[in-house]
Amino acid sequence: MSDEKAVIKLLRRMGFTSNTFLETIALVLNGEGNVVNVLPLGIKLSRGRLYARVFKGSRTYEALKKGVIRRGVICITQDAKLFYLSIFKKNEAIEAITEESACDAAVDFNVDSIHMGKEYIAIYLKPIAIRMLRKIPRGFSRAPALIIEALVWLTKLPYVDEIKRREYISYIRYCIEGIYRSSKSRVYRNIAKEIYEALHTKAT
Ligand SMILES: Cc1cc2nc3c(=O)[nH]c(=O)nc-3n(C[C@H](O)[C@H](O)[C@H](O)COP(=O)(O)O)c2cc1C
């Protein structure tokens, strides 16, 4: 689907709103269509555009600052493993998203404008087309939701002081416990283990 108004209407039906961020995975490309990066990204709708904030300290922030990122694909998915890959094993995430099977839907976009802020760069993306890719819906499980929650806190850790750091680590531990309690999946448990190990090695 590529008619602009129809694309926005469909985005609203998929849960995008103007006042809350929906968690997605963004594959960002340069002007030639080559992959620059992949990252989990919160998106909301703003006056016919997708709006996101890319925080200082990330590689995506640096690439945006240099004007390298011109377009991309927003992958809409509930697949917690894909969120994990797009932080820990980016090449695997890029491959999965490029193959298309990994996303429930894919939104092609052009970067419309970027605005330098103090802590982040605000970007407005013009949605060009939506491709619906998943035919069989997934059932809800707490484990993937907890993985995404743990990843959100984990990726904030490098930017906070010691008090907040301890608070966030306790949230992550709570999520990890929940993952073990709510699922026997080896994939989810291994991700939980890797998140736990990341707490004790480097700050992601
Ligand atoms: C669910 C989820 C949503 C996220 N949303 C954002 C966001 O909106 N903006 C942002 O800058 N980082 C966000 N992050 C953190 C980045 O995705 C993370 O720091 C990533 O590793 C940055 O990659 P890079 O350094 O290769 O650019 C999010 C993380 C998760 C798990």
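**Exercise 1. Find which domains supply the shell around the ligand in this predicted model.**

Step 1. Domain 1 (4-132) and domain 2 (142-200) each give at least three residues to the shell around the ligand. The domain bounds come from an automatic or database domain assignment. Residues are numbered from 1 along each chain as its sequence is written. The model is predicted: local features need pLDDT of at least 70, side-chain atom pairs count only at pLDDT 80 or more, and totals for chains, interfaces and linings use all residues.

Step 2. Around the ligand there are 19 residues, and Pro40, Gly42, Ser58, Thr60 and Leu151 come nearest. A residue is near a molecule if its C-beta atom, placed from the backbone, lies within 6 Å of it.

Step 3. Two or more shell residues come from each of strand E2 (35-46), strand E3 (49-55), helix H2 (59-65), helix H3 (80-88) and helix H5 (142-156). E2 has the largest share, five residues. Helices (H or I, at least four residues) and strands (E, at least two) are DSSP runs, numbered from the N terminus.

Step 4. Sort the shell by class: 11 residues are nonpolar, five polar and three charged. Ala, Val, Leu, Ile, Met, Phe, Trp, Tyr, Cys and Pro count as nonpolar; Asp, Glu, Lys and Arg as charged; the others, Gly among them, as polar.

**Exercise 2. Describe how domain 1 touches domain 2.**

Step 1. The C-alpha centres of the two domains lie 23 Å apart. Each domain puts 10 residues into the contact (C-beta atoms, placed from the backbone, within 7 Å).

Step 2. On the domain 1 side, H3 gives the most, with six residues. That side divides into six nonpolar, two polar and two charged residues.

**Exercise 3. Work out how H3 packs against helix H4 (residues 90-99).**

Step 1. Their axes come within 6 Å and cross at roughly 130°. Axes are lines fitted to C-alpha atoms over the stretch in contact, and angles run from 0 to 180 degrees between N-to-C directions.

Step 2. H3 is therefore oblique to H4. Angles under 35 degrees count as roughly parallel, over 145 as roughly antiparallel, 65 to 115 as roughly perpendicular and the rest as oblique.

Step 3. Leu82, Leu85 and Ser86 of H3 meet Lys90, Glu92, Ala93 and Ala96 of H4.

Methods:
Two residues are in contact if their C-beta atoms, placed from the backbone, lie within 7 Å.
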